[in-house]
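I opened the notebook to look up a few things about this chain. The entries below are in the order I took them.

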Amino acid sequence: MKFRIGLMAVLTALWSASPGLSAAQGFSGVFTQHNDLSRSGQNLSETILTPANVNMNKFGKIFSYPVDNQIYAQPLYVPNVTIPGQGVHNVLYVATEGDSIFAFDADGLSPTVLWSLNFTNPAKGVTTVSCTQAGLTCNVYPTTGITGTPVIDSTSSTLYVLVRTAETTGKTTNYVQRLHALDITTGAEKFGGPVVISATVKGTGSGSSRGMVTFNTTHDDQRPGLTLANGNIYIGWAGNAHGWVMAYNAQTLAQVAVFNTTPNGTLGGVWQSGNGFVVDGDGNLYVATGDGTFDANTGGGDYGDTLLKLSPTLEVLDSFTPMDESCRFTPAPNNDLDLGSGGPMMFPTQGGSFPDEIVQAGKGGSPCDLFGGTYAVPIYLLNRDGLGGYDPTQDQDIQTVQGTVHGYWGSPASWQGPSAYYVYYSGMTSETGSGDYLKQYTLTNGALSTAPIAQSPNLFTVGSTPSVSANGTSNGIVWAIARTDILSAAPGNHTAILYAYNAANVASELYNSRQSEARDATGCANKFQTPTIANGKVYVGTQNELDVFGLLPSNPITPAPSLTIPCMSFTGTVGVKSAAQSTTLTNLGPGALAINGVSMQGINPTEFKVATNTCGKSLAVNKSCTISVTFTPTVATIPQQAYLQIKDNAIGGALTLQLIGTGSSGKK
């Protein structure tokens, strides 16, 4: 199979007069999901962004990069990378559901994408996975390509990524998952890769045949960030039958271990809302599972709703299963209260009786978890040296803290401030749009505060996974991305909101991107997106672009374009043109915005057409124009996806407008 490597020549201008544009401050980089193997979300080497300068007058969106599909993976950052023929760059690596990897100059200094790689080949029947055609649950909608955050080995300059494709020959479509190892300087394959994912274990559970359970390449969804530890790449999946964890040698890509969470039962998915596995100093992994069969307490090997401690070779060393396990999951009804909807976070060595601690929280509350007269989600503080196993009458944890009402679809962050150690959690109170505040706890001598010491002024509709930037124990800022669409909105058309808070007191909001909405407008928000902070920039992945925030330049030299509507969703009847939807493009200046072309691109570009375009070839400062789009479906029930690209002379070189439409046959 031949894959394409190419440059996307859409960046046209250099950015100037902005602080911290080149050298990377001694910051080593963001190589893994949520920054480190503790999954703390910390960048403690941020010397540019401070609570004093992160405000709407000094801080905002400074540019964006166009991408070919939705970004679920957290952007990764590597400083001082030598790109052949292009010099040394701070590089941001972005993966999309379009099965693409982009290597962007992290500071907007390159006139082109440094390199890009796409793993599809439509001419040979190799495409992204349509969730509808594949019969998936469409939690990632409408296409699936790369979902889990890749991981980078800075020593060998290798990026590891799990790619899903649909491969059709004649009338037969096979769904394939592959692990790729890529050179971060060129995108070239390494170590004889890629390798096709496959596995079989002994078991009599769901989907088994003749005493064996086989990995399902169609329905086993890869969401957790890939983890590099012990010379291996660890990958997790949640499917409609089982959870899986596999290990591959990082140098040979040979499979070295396989673990199935419920070989004799069902479910127990490993997804953690995209968060990677925790790894302790001995190389042991901590993995949270979703609801499913649990019988480990009676000698079985099924671990639904459990925090597992796995050896480097994926043997179970220890576990914690909440006493409410039988309520979380029963065959009928299933309350669907996954412990593993959130990922664990490991704390640094603590004073007190339990120096080695880890925290875990997921879904919970009604009807399983009652605190006095209130249903709420338990936050479990656990001893890594003895997780506590399962006790149906009393959890054998260090501490159980009353959390949000319904659940955490994400993970916490933490930071050692000048006078206290803080833990930040953001959950939600229902799946129908009732959000909760981002809440701040303290950790003192190994004990969490029993209630939040502060909370954000705003609600997060679906919670968030926050990140922290600081210069050691000073200038701490908590960053979080808000999605205002509910979880089930597919995919959701409202823009993301970037929030910043004083990390010593999150009740003090420093900034949000709605304060200067035209200037700081983002792309449409995805679920479970985590901000990346590096070298004075904050990177936000969205459905249609990568947005870059930083200190505003004192003397910008390129125009700043802004779209009122960055995403459109259509419905219609096969063969019938829909009503037009429009967006307004405004040039915020300085200088004229050159419009170098408007084109339809992506997976299904012929289903959409530009109906009207008043933009012409140039747009003066503070002037606006409109573009409208129609949808004429040629197929029923299968979502069609494309994007409208507007090439310009701004940093990033283009704007992308995501388009999704679904047709019906019109028959009743």
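Buried means under 20% relative accessible area, exposed over 50%, and partly exposed lies in between. I needed that cut-off for cysteine 138, which is partly exposed because its relative accessible area is 21%.

Entry on confidence. I noted that this is a predicted model. The chain averages a pLDDT of 94, and 95% of the residues score at least 70. Over residues 1–24 the pLDDT is below 50, although this stretch has 91 contacts in the model beyond near neighbours in sequence.

Entry on disulfides. I searched the whole structure and got four disulfides. With the bonded cysteines of the chain numbered in sequence order, I wrote the pairing down as 1-2, 3-4, 5-6, 7-8.

I looked at cysteine 138 again and found a disulfide to cysteine 131, S to S 2.1 Å. This link is right-handed, with 100 degrees about the S-S bond. Cysteine 131 is buried, at a relative accessible area of 1%.

Next I took cysteine 524 and cysteine 567, which are joined with S to S 2.3 Å. Cysteine 524 lies in the loop between β41 and β42 and cysteine 567 in strand β46, so the pair ties together parts that are 43 residues apart in sequence.

Then I checked cysteine 615 and cysteine 625, whose sulfur atoms are 2.0 Å apart in a disulfide. Cysteine 615 sits in the loop between β49 and β50, and cysteine 625 in strand β51. I recorded 3% relative accessibility for cysteine 615 and a relative accessible area of 3% for cysteine 625, so cysteine 615 counts as buried and so does cysteine 625.

Entry on a sheet. In what order do the four strands of the open sheet stand? I read the order as β45-β47-β51-β49, with antiparallel pairing. β45 and β49 are at the edges with a single partner strand each, so one side of each is left without a neighbour in the sheet. Neighbouring strands of this sheet are turned by 25 degrees against each other on average, direction ignored.

I followed β45 to β47 and found three bridges between them. Serine 562 has threonine 586 in β47 as its bridge partner.

Entry on leucine 585. I placed this residue in strand β47. Is leucine 585 buried or exposed? Leucine 585 is buried, since its relative accessible area is 1%. Leaving aside neighbours within four places in sequence, its contacts include Ser562, Cys615 and Cys625. I also looked at threonine 321, and its C-alpha atom is separated from that of leucine 585 by 53 Å.

Notes: Residues numbered from 1 in each chain as written. Predicted model: local features only at pLDDT ≥ 70, side-chain atom pairs only at ≥ 80, totals over all residues. Heavy atoms only, no water. Pairing = 2+ DSSP bridges. Helix = DSSP H or I, 4+ residues; strand = E, 2+ residues; numbered from the N terminus. Axes fitted to C-alpha atoms, helices over the stretch in contact; angles between N-to-C directions. Buried < 20%, exposed > 50% of the residue type's maximum accessible area, 1.4 Å probe, protein only. Contact = heavy atoms within 4.5 Å. pLDDT = per-residue confidence, 0-100. Disulfide = S-S within 2.5 Å.
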